[in-house]
Structures are given as structure tokens and as C-alpha cells.
Amino acid sequence: MATPNPFDQQKSIPGVKKILAISSGKGGVGKSTISSNLAIAIAQQEKRVGLLDADIYGPSQPRMMGALNQKPEINQDNKITPIERHGIKIMSMGFLVEEDLAVAWRGPMLFKAMNQLFYDVDWGELDYLLIDLPPGTGDVQLSMVQKVPVAGAVTVCTPQNIALADVKKSIEMFERVNVPDLGVIENLAYFINPQQ
């Protein structure tokens, strides 16, 4: 008997043209800052943009996007209406759980939460949905690639060797699941002018 392909479960999010994942091999490299700035930059190109904060345990987009303590409403279709800031539709667990409360969930709860963030949110018509992933290559990343077709992934890193080693793992994970690598952004680096 053939083993079922987990990627056969992939289902597009209604109205969303392209999904881009913003990932990192480790935490603290500025991935959420890059995600929010990238979302704003794309929106400034007159594109319709959504930003999904998929870091269930440590959501930071409510603070990054100036929407702390906002609570999304439920519309007449029983869908969650994302919070809008800077022309971007934003959804995060940070809107649903108090900022100082710890989320202690195992895999099945994460899968259910990801499913709701994808399909129970009224994203409307979007050219791009950027997904700000948690660090690493764990349950959230695997749940994402099993559930939705991802057009490409951007990986964020810092210049230290230990961070670069983790980035390679992140890129390899996306290659294994046939998600195109759109590039690496090196953050928190500096340039010394050799002419001075």
C-alpha cells in the first residue's frame, strides 16, 4: 500500500495569490523586523499584503506593527477580521492571547492553530501573504508546508558562524519540501570602509 503524501493536503487560502515564508535558523536575528519591513516595502509598491505572525510561542508582530492590545473582530461569515496597519492586514496569536501569558502547546494544538490562522481569517484579496515563522525547522514550518502552497522562502541570519550553520539547515529543510529559496538576508552586520 502506498504511503500517503503529506503535501496532498495542501489547500490554497482563498483570495491569496502568493505565500512567502520568512524564516531563520535561530532566534534573535531580526526575522520579525525584516518581515514587517518587507511587508511595508511590498505594500508601498501598490500590492495588497497580509502579514501572518506564525510564531505561536513568541509573537512579536503586534508590537512591531503598532497594534499591541488590539483584538480582532469576528465578521458575519464567522471569520476573524485581521487588524490593519500601514495598509497591511495582520494576524497573530498575540492578538488572541495576553502578551504576558505563556503558550504551552504540543504539536496537535499547533497544527490546529495554524489551520485557523490560514483558513479562519478573512484575508480578502491579497497579492502576497508573508508568514513570519518561528526560528528553526519544527512543527510550525512543517505544518505550513503541508497545509498551504508556499511560493518561496527568505532566510534571515546574522554574520556569526553559528548563525550561518543554522541557516544552512533552514534552507535545506525548504529544499527538501520543494519550496524555492528566494535568498538570504544578512542582518545586524556592518561594513568598514577600507578607504578610511
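Before I go on, a word on what we are looking at. This is a predicted model, in which local features need pLDDT of at least 70 and side-chain atom pairs count only at pLDDT 80 or more, while totals for chains, interfaces and linings use all residues. Residues are numbered from 1 along each chain as its sequence is written, and side-chain values use heavy atoms, with hydrogens and water left out.

Let me turn to the sheet. Helices (H or I, at least four residues) and strands (E, at least two) are DSSP runs, numbered from the N terminus, and two strands pair if DSSP finds at least two bridges between them. On that basis there is an open sheet of 7 strands, with mixed pairing, in the order S3-S4-S2-S5-S1-S6-S7. Its edge strands, each pairing on one side only, are S3 (83–85) and S7 (181–186). From one strand to the next the twist averages 25°, where axes are lines fitted to C-alpha atoms, for helices over the stretch in contact, and angles run from 0 to 180 degrees between N-to-C directions.

Which strands does S1 pair with in the parallel sense? One partner is S5, joined to S1 by 6 bridges, and another is S6 (residues 152–157), paired with S1 over 5 bridges. If you want individual positions, Leu20 has Leu130 as its bridge partner in S5 and stands opposite Gly152 in S6, while Ala21 has Ala153 as its bridge partner in S6. Strand S1 is also mostly covered, with 7 of its 9 residues buried; buried here means under 20% relative accessible area, exposed means over 50%, and partly exposed lies in between (1.4 Å probe, protein chains only).

Ser23 counts as buried because its relative accessibility is 0%. Its side chain makes a polar contact with the side chain of Thr155 at 3.4 Å and another with the side chain of Ser170 at 3.2 Å. By polar contact I mean a pair of N or O atoms within 3.5 Å; within protein, one must be able to donate a hydrogen and the other to accept it, and residues adjacent in sequence count only if both atoms are side-chain atoms. Using contact for heavy atoms within 4.5 Å, and leaving aside neighbours within four places in sequence, Ser23 is in contact with residues including Lys31, Leu133 and Phe174.

Lys31 brings us back to the salt bridges. Asp132 forms one with Lys31, with the closest N and O atoms 3.0 Å apart, and this pair links distant parts of the chain, since Asp132 is in strand S5 and Lys31 in helix H1, 101 residues apart. Is this pair buried or exposed? Asp132 counts as buried at 0% relative accessibility, and Lys31 is buried as well, with a relative accessible area of 6%. Helix H1 itself (residues 31–43) lies across S1, S2 (49–53), S4 (88–92), S5 (126–132), S6 and S7, and runs at about 170° to S5.

Arg176 and Glu172 have their closest N and O atoms 2.8 Å apart, and here Arg176 is exposed at 63%, while Glu172 is partly exposed at 43%.

Finally, the nonpolar core, meaning a set of buried Ala, Val, Leu, Ile, Met, Phe, Trp, Tyr and Cys residues joined through side-chain atoms within 4.5 Å. The largest one has 49 residues, and among the members that touch the most others are Ile13, Phe118, Trp123 and Phe174. Helix H3 (residues 107–119) supplies the largest share of this core, 6 residues. Trp123, leaving aside its neighbours within four places in sequence, is in contact with residues including Ile13, Pro82, Lys89, Phe118 and Leu129.

Terms used: A salt bridge is a side-chain nitrogen of Lys or Arg within 4 Å of a carboxyl oxygen of Asp or Glu.
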